[in-house]
Amino acid sequence: MSLVASPRHEAWMRRALDVAAAAGEDVPVGAVLFDAEGREMAAAGNQREASGDPTAHAEILVLRQAAERAGTWRLDGSTLVVTLEPCTMCAGALVLARVSTLVFGAWEPKTGAVGSLWDVVRDRRLNHRPEVYAGVLEDECATLLRDFFR
């Protein structure tokens, strides 16, 4: 079950959509991490094609950048905003990084790990479970992906 998104979440998703649109040859997924005060800590789009790195998903890149800037892997109080439902790798990483809130746009029925195929972030066996706001600007996020794959 998802919580109801706020206007702030929608504004942040628009920033993530801008990042996704600049992804070049990669699948247009954008992620932005905000600190507890709402300041942008990091932003990235997918870079798997550009880097040849299978782990270069937008979420992973943002978590790495933010941890480096913060000087710690613990990103307590932060909000991760991403245009596409995270996969198992990314969902696991955001749980391990102690991200407090996840906001995502389009659902990913093939690889989604926040409710579509699995629900990694709400697994009660884990020691951290972020709040989840799903489907924020879902149509805009899905359209960006559909247009790319045409």
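This briefing covers helix packing, aromatic pairs and selected residues in a predicted model. Residues are numbered from 1 along each chain as its sequence is written, and side-chain values use heavy atoms, with hydrogens and water left out. Local features need pLDDT of at least 70 and side-chain atom pairs count only at pLDDT 80 or more, while totals for chains, interfaces and linings use all residues. Helices (H or I, at least four residues) and strands (E, at least two) are DSSP runs, numbered from the N terminus.

**Packing of H3 and H4**

- Two packed helices are described by the angle between their axes and the distance between the axes.
- Helix H3 (residues 58-70) packs with helix H4 (residues 88-96) at an angle of about 25°, and their axes are 9 Å apart; axes are lines fitted to C-alpha atoms, for helices over the stretch in contact, and angles run from 0 to 180 degrees between N-to-C directions.
- H3 is therefore roughly parallel to H4 (angles under 35 degrees count as roughly parallel, over 145 as roughly antiparallel, 65 to 115 as roughly perpendicular and the rest as oblique).
- The crossing of H3 past H4 is left-handed, a term used if the near helix is turned anticlockwise from the far one by less than a right angle, with right-handed used if clockwise.
- H3 contributes Glu-59, Ile-60 and Leu-63 to the contact, and H4 contributes Met-89, Cys-90, Ala-93 and Leu-94 (contact means heavy atoms within 4.5 Å).
- The residues of this contact of H3 with H4 comprise 6 nonpolar, no polar and 1 charged; Ala, Val, Leu, Ile, Met, Phe, Trp, Tyr, Cys and Pro count as nonpolar, Asp, Glu, Lys and Arg as charged, and the others, Gly among them, as polar.

- In H4 the buried residues are Cys-90, Ala-91, Gly-92, Leu-94 and Val-95 (buried means under 20% relative accessible area, exposed over 50%, partly exposed in between, with a 1.4 Å probe and protein chains only).
- These buried residues of H4 pack against H3, strand S3 (79-84) and strand S4 (101-106).
- Arg-98 follows H4 and is placed in the loop between H4 and S4.
- The phi of Arg-98 is near 65°, which is positive in a residue other than glycine.
- Arg-98 counts as buried because its relative accessibility is 15%.

**Packing of H1 and H5**

- H1 and helix H5 (residues 138-149) have axes that come within 11 Å and cross at roughly 5°.
- This angle makes H1 roughly parallel to H5.
- Met-13, Arg-14, Leu-17, Ala-20 and Ala-21 of H1 make the contact with Glu-140, Cys-141 and Leu-144 of H5.
- The contact of H1 with H5 has 6 nonpolar residues, no polar ones and 2 charged ones.

**Aromatic pairs**

- There are 3 aromatic pairs in the structure; rings of Phe, Tyr and Trp (its six-membered ring) pair if their centres lie within 6.5 Å, and planes under 30 degrees apart count as stacked, over 60 as edge-to-face and the rest as tilted.
- Trp-12 and Phe-34 are stacked, because their ring centres are 4.1 Å apart and their planes are at 10°.
- That pair links distant parts of the chain, with Trp-12 in helix H1 (residues 7-21) and Phe-34 in strand S1 (residues 30-34), 22 residues apart.
- Trp-12 is buried at 11% relative accessibility, and Phe-34 is buried at 4%.
- Phe-104 and Trp-107 form an edge-to-face pair, 4.9 Å centre to centre with 85° between the planes.
- Phe-104 is buried at 0% relative accessibility, whereas Trp-107 is partly exposed at 35%.

**Other residues**

- Thr-83 is placed in strand S3 and is buried, with a relative accessible area of 1%.
- Not counting residues up to four places away in sequence, Thr-83 touches Met-13, Ala-16, Leu-17, Ala-20, Pro-28, Val-29, Gly-30, Gly-105, Ala-106 and Cys-141.
- Leu-137 has a positive phi of about 50° although it is not a glycine.
- Leu-137 is placed in the loop between strand S5 (131-133) and H5, and counts as buried at 11% relative accessibility.
- Asp-139 lies in helix H5 and is exposed, with a relative accessible area of 59%.
- Asp-139 and Asp-18 are 121 residues apart in sequence, and their C-alpha atoms are 15 Å apart in space.
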